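Please read it alongside the sequence and the coordinates.

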Amino acid sequence: MLKLKVHTSQMHIATKGSKIDISSEKKLEEFSKNFCTNLKLGDIFFLIGDIGIGKTTFVKYIINHLQFKFKQKFTEVTSPTFNIMNEYVIDNYLIKHYDLFRLNSSKDLQNLDLFDESHKAILFIEWPQIIKKKPNKVTELYFEYENEYQNRFIKF
């Protein structure tokens, strides 16, 4: 199984308090491309932010870049709002993209088996606030607006 060399905790952009400008789609795409080079199986990312701020687009760019890297056909990457989870197999990677927006309580999580065998996948979880017990190793990415919605940032 291919493993990428660098983990996000080793990236200068992933230091606590980092703030990445994603105000344009081009900036978000470039950040996503750089971000995905540091992924490894077992990584869990909580994507926190308002509707429409770019969480799903961030995941889309990561998946499409990995598909390009491994010479796979691009697939449509859509929000998993209605089906709760979309799954992508890219080379030896399993990526699970969750959207927990429609869930009403943490009891609704029981049937999802969110973190079972998470060491065999890379998880991106939108709207993770409903999760009561976080896994030990999770990276939280905060998508935020500034300047009256003129600028968007990702904060670690």
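A residue is called buried at under 20% relative accessible area, exposed at over 50% and partly exposed in between, with a 1.4 Å probe and protein chains only. The model is predicted, so local features need pLDDT of at least 70 and side-chain atom pairs count only at pLDDT 80 or more, while totals for chains, interfaces and linings use all residues. Residues are numbered from 1 along each chain as its sequence is written, and side-chain values use heavy atoms, leaving out hydrogens and water.

**Strand β2**

- Helices (H or I, at least four residues) and strands (E, at least two) are DSSP runs numbered from the N terminus.
- Strands pair if DSSP finds at least two bridges between them.
- β2 runs parallel to β5, with 4 bridges, and I44 stands opposite L123 in β5.
- β2 also runs parallel to β6, with 5 bridges, and F46 stands opposite E140 in β6.

**Aromatic rings**

- Rings of Phe, Tyr and Trp (its six-membered ring) pair if their centres lie within 6.5 Å; planes under 30 degrees apart count as stacked, over 60 as edge-to-face and the rest as tilted.
- The count by this rule is 11 aromatic pairs.
- F58 and F124 make an edge-to-face pair, at 6.3 Å centre to centre and 85° between the planes.
- This pair links F58 in helix α2 (residues 55–69) to F124 in strand β5 (residues 122–126), 66 residues apart.
- Both F58 and F124 are buried.
- F58 also pairs edge-to-face with F143, at 5.7 Å centre to centre and 70° between the planes.
- F143 lies in strand β6 (residues 139–146) and F58 in helix α2, so this pair ties together parts 85 residues apart in sequence.
- The relative accessibility of F58 is 0%, and that of F143 is 3%.
- Ring pairs join F31, F35, F45, F58, F124, F143 and F156 into a cluster.

- N86 lies in strand β3 (residues 85–90) and is buried, with a relative accessible area of 10%.
- A polar contact is a pair of N or O atoms within 3.5 Å; within protein, one must be able to donate a hydrogen and the other to accept it, and residues adjacent in sequence count only if both atoms are side-chain atoms.
- A polar atom of the N86 side chain lies 3.0 Å from the backbone oxygen of T78.
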